[in-house]
Amino acid sequence: MPVHVVVGAQWGDEGKGKIVHALAEENDLIVRFNGGANAGHTLMVEGEKVVLHLLPVGIVTRFKRNLVGPYTVCDPEVLVKELAIADAYKSEVFLDPRAGVVLPIHKLLDGGRENASGGGAIGTTKKGIGPCYEDYVSRRGLRLGNLTDADAIRAELARGRSYEERAAVAQFHGLAPPSLDETVAWAASFIKAVQPRLADTVEMARQAVAAGKRVLFEGAQGVNLDLVAGTRPYQTSSFCGAGGVSASFGITRFDRVTGVAKAYATRVGGGPFPSEMGEADDETLRQAGSEFGATTGRSRRCGWLDLPLLRASCDAGGITELVINKVDVLGKAFAEFQVCVRDGKYVKLPGWGDDVHFRNLRLYGHLPVGAQILFDLIEKYTDRPVVGVGTGPASHDIIWKRN
Ligand code: IMP
Ligand code: MG
């Protein structure tokens, strides 16, 4: 199975990080293809909790080779922190020179826009993602490849007076942006960390595929937050499905596109959430599943699994198979839980309590009856097989269904 894509099938936070971590060992390359430090993967690595935002999850697998693709936006401060983690695991990281650089002014603008939107705010992570991608698509703004010397940085930021224009917009929002000189000096401080890692990641990924190597593309966020497929304006600024890989890497044949979903649903930030739970259930699940944002610490909104929506997400994201996470959490939190099967119509299924054997189960057929019915419903409504079930936070807490 040489080319494998893992994407979020909901609104992010489905536990993609754990799945990629579990699959990293058997792959030669792990490639992050979209987004930036808006992501938050909480991992259990050798018994320790590690949270990653930007670099591929493969960096915590020893000696693994990791790429950050061209349609990502990289916050150099996060980059430097996570490169140190990669060094600790002796894993390799290559960064595409075309990736955007998130500047301090992008973060300021992200916050300023949100404040200006008042009640209509999107609830972004305020990591500067939207404003950085705005620069990217208007063909300006700093890229990692510009981090060669202070003159090159200045030349790019001054081109078309783009930094000046940005600063004027920030002032319009009542913000006090750093000066051009300050931004140049700030960016130049990352040259040493970034330069040795620059490489044409598109070529590297293509060559690896051509050589029959196993390549795993790691998605960030989820299909329901996709710039096109998501509900406007409650979206992120990148392509979150398998199409995002094709757009960046020109690779269109995938052996597997795994969509990761939870046995329920969560959403951080604003936007429609038809299967959102009532307050009491919401709080129960948030506590049981620690549903707080890994990037922002915000409480995640909780809801029931929405099968018609999951079907639509599978279609939009090119998903061919599903992994269902946090099955242990759902069964334990509720004696009876719900699943949305149609507009406003739910079926009720029995939970499975604190099944102490659940974590050690390796046989799909031995799952509690409520869980088996749930997976049968998921397969029926999405027309995709459930190939794996997450039963705990560690990467080995997965039951893979082998046919
Ligand atoms: P942005 O990506 O920071 O611009 O935020 C846009 C929307 O996507 C907001 O609703 C965020 O909460 C959401 N979002 C962005 N990244 C993630 C993520 O990794 N997990 C969950 N939600 C996210
Ligand atoms: Mg997350």
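Helices (H or I, at least four residues) and strands (E, at least two) are DSSP runs, numbered from the N terminus. This is a predicted model, in which local features need pLDDT of at least 70 and side-chain atom pairs count only at pLDDT 80 or more, while totals for chains, interfaces and linings use all residues. Residues are numbered from 1 along each chain as its sequence is written, chains are lettered from A and ligands numbered from 1 in the order in which they are written, and side-chain values use heavy atoms, with hydrogens and water left out.

**The two domains**

Begin by colouring the protein chain by its domain assignment, which gives domain 1 (3–89 + 199–400) and domain 2 (104–141 + 148–189); such bounds come from an automatic or database domain assignment. Taken over C-alpha atoms, the centres of domain 1 and domain 2 are separated by 30 Å. The contact between them takes 23 residues from domain 1 and 15 residues from domain 2, where contact means heavy atoms within 4.5 Å.

**Ligand 1**

Next, select ligand 1. Domain 1 and domain 2 both give residues to the shell around ligand 1, so the ligand lies between them. Of the 17 residues around ligand 1, those that come nearest are Asp-13, Asn-38, Thr-125, Thr-236 and Arg-298; a residue is near a molecule if one of its heavy atoms lies within 4 Å of it. By class, this shell has five nonpolar, 10 polar and two charged residues. In that classification Ala, Val, Leu, Ile, Met, Phe, Trp, Tyr, Cys and Pro count as nonpolar, Asp, Glu, Lys and Arg as charged, and the others, Gly among them, as polar.

Now display the polar contacts, which are pairs of N or O atoms within 3.5 Å; within protein, one must be able to donate a hydrogen and the other to accept it, and residues adjacent in sequence count only if both atoms are side-chain atoms. A nitrogen atom of ligand 1 is 3.4 Å from a polar backbone atom of Trp-11. Taken alone, ligand 1 exposes 470 Å², and the protein buries 97% of that; accessible areas come from the Shrake-Rupley method with a 1.4 Å probe, and for residues only the protein chains shown count as cover.

Move to helix 1 (residues 16–24), where eight of the nine residues are buried. Buried means under 20% relative accessible area, exposed over 50%, and partly exposed in between (1.4 Å probe, protein chains only). Among the buried residues of helix 1 are Lys-16, Lys-18 and His-21.

Then select Thr-382 in helix 14 (residues 369–382). Thr-382 counts as buried because its relative accessibility is 0%. Its side chain reaches the backbone oxygen of Ile-378 at 2.7 Å. Leaving aside neighbours within four places in sequence, Thr-382 is in contact with Leu-307, Leu-310, Arg-311, Cys-314 and Leu-322.

**Backbone features in loops**

Go to the loop between strand 9 (215–218) and helix 10 (243–249), which holds Pro-233. A cis peptide bond joins Arg-232 and Pro-233, with omega about 0°.

Finally, select Lys-90, in the loop between helix 2 (76–88) and strand 7 (92–95). Lys-90 is not a glycine, yet has a positive phi of about 55°, and it counts as exposed because its relative accessibility is 55%. Arg-161, in the loop between helix 5 (150–158) and helix 6 (162–172), has a positive phi of about 55° although it is not a glycine.
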